[in-house]
Amino acid sequence: RYSTKIDFTETKLFTLSPQSQQLLTNLPEEVKVYIFHPSPNITVRALLDEYKRKSNNFDFEFVNPQINLKLSQEFQAKRMGEVHLKYKNKKQLIQTISEQDGLSESQLSNAIAKILLDKQPVVYILQGHGEPELVPKEGSLSQAVDSLKDKGYIVKPLLLTNNPLIPPDANAVVIANPQRKLLQGEVTILEKYLFQGGNLLILVNAY
């Protein structure tokens with residue numbers, strides 16, 4: 001009559017992260033996951049059951065691609081184990097699971113957050129003052145950039161010395177660990193951007 005579950009694992013292995021729980025709480029309409037595998041391992045079902053427990057707007061279905069050819073064609077599923085997401089008329093491939101590689105909570109939640117977006121927000125990261133680069137290398141911001149892209153953001157570098165204005169499509173500007181002072185002209189541009197309602201994130205000693 002009263003269903004309850006307690007996770008006694010030290011790392012809360014069977015508990016969704018607060019970010020995933022918040023995402024599921026705010027689902028506006030049904031989001032459905034299609035797993036093109038007739039019998040994936042038990043941990044995949046356990047994770048999806050946990051998502052469904054948190055929201056009435058979340059559902060999932062296991063599909064045998066060799067039998068349900070109509071769904072396979074609709075999602076253009078080409079491999080056994082593909083996991084697809086559907087929201088309204090939008091579809092998205094999340095990942096491909098196997099016996100060794102199960103369903104990732106972070107990939108699933110990021111995919112849900114991404115498919116809910118009406119349009120992709122654009123984030124500009126200031127460069128030119130000794131800030132960490134955006135390309136993969138030691139001490140770069142590539143991991144943060146990849147995380148934003150996974151959530152549906154477009155990330156671009158911003159050099160105010162080459163283009164002395166904030167692009168009109170900017171949803172936010174990030175200044176991360178500059179090693180040299182910004183020029184007064186750059187400061188003026190950023191102040192004007194903020195005065196007009198722009199969003200600025202400043203990271204100091206963020207590694």
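Helices here are DSSP runs of H or I with at least four residues, strands are runs of E with at least two, and both are numbered from the N terminus. By that count, the protein chain has six helices and eight strands.

Before going on, the source. This is a predicted model, where local features need pLDDT of at least 70 and side-chain atom pairs count only at pLDDT 80 or more, while totals for chains, interfaces and linings use all residues. Residues are numbered from 1 along each chain as its sequence is written, and side-chain values use heavy atoms, with hydrogens and water left out.

Now the overall layout. Starting at the N terminus, the order of elements is α-β-α-β-α-β-β-α-β-α-β-β-α-β. The radius of gyration of the protein chain is 21 Å, well over the 17 Å from the globule rule for 207 residues, so the chain is more spread out than a compact globule. That radius is taken over C-alpha atoms, and the rule is 2.2 Å times the number of residues to the power 0.38. Along the principal axes, the C-alpha atoms fill a box of roughly 65 × 40 × 35 Å.

Next, burial and contacts. Buried means under 20% relative accessible area, exposed means over 50%, and partly exposed is in between, with a 1.4 Å probe and protein chains only. Of the 207 residues, 39% count as buried. A contact means heavy atoms within 4.5 Å. Among contacts with a separation of 6 or more, 67% come from residues 24 or more positions apart.

Which strand is mostly covered? It is β7, residues 172-176, with five of its five residues buried. Ala172, Val174 and Ala176 point one way from β7, Val173 and Ile175 point the other way, and all are buried.

As for the neighbours of β7, two strands pair if DSSP finds at least two bridges between them. β7 pairs in the parallel sense with β5, residues 122-126, over three bridges.

Gln92 is found in β4, residues 90-96. Is Gln92 buried or exposed? Gln92 is buried, with a relative accessible area of 19%. Leaving out residues up to four places away in sequence, Gln92 touches Val83, His84, Leu85, Ala111, Lys114 and Ile115.
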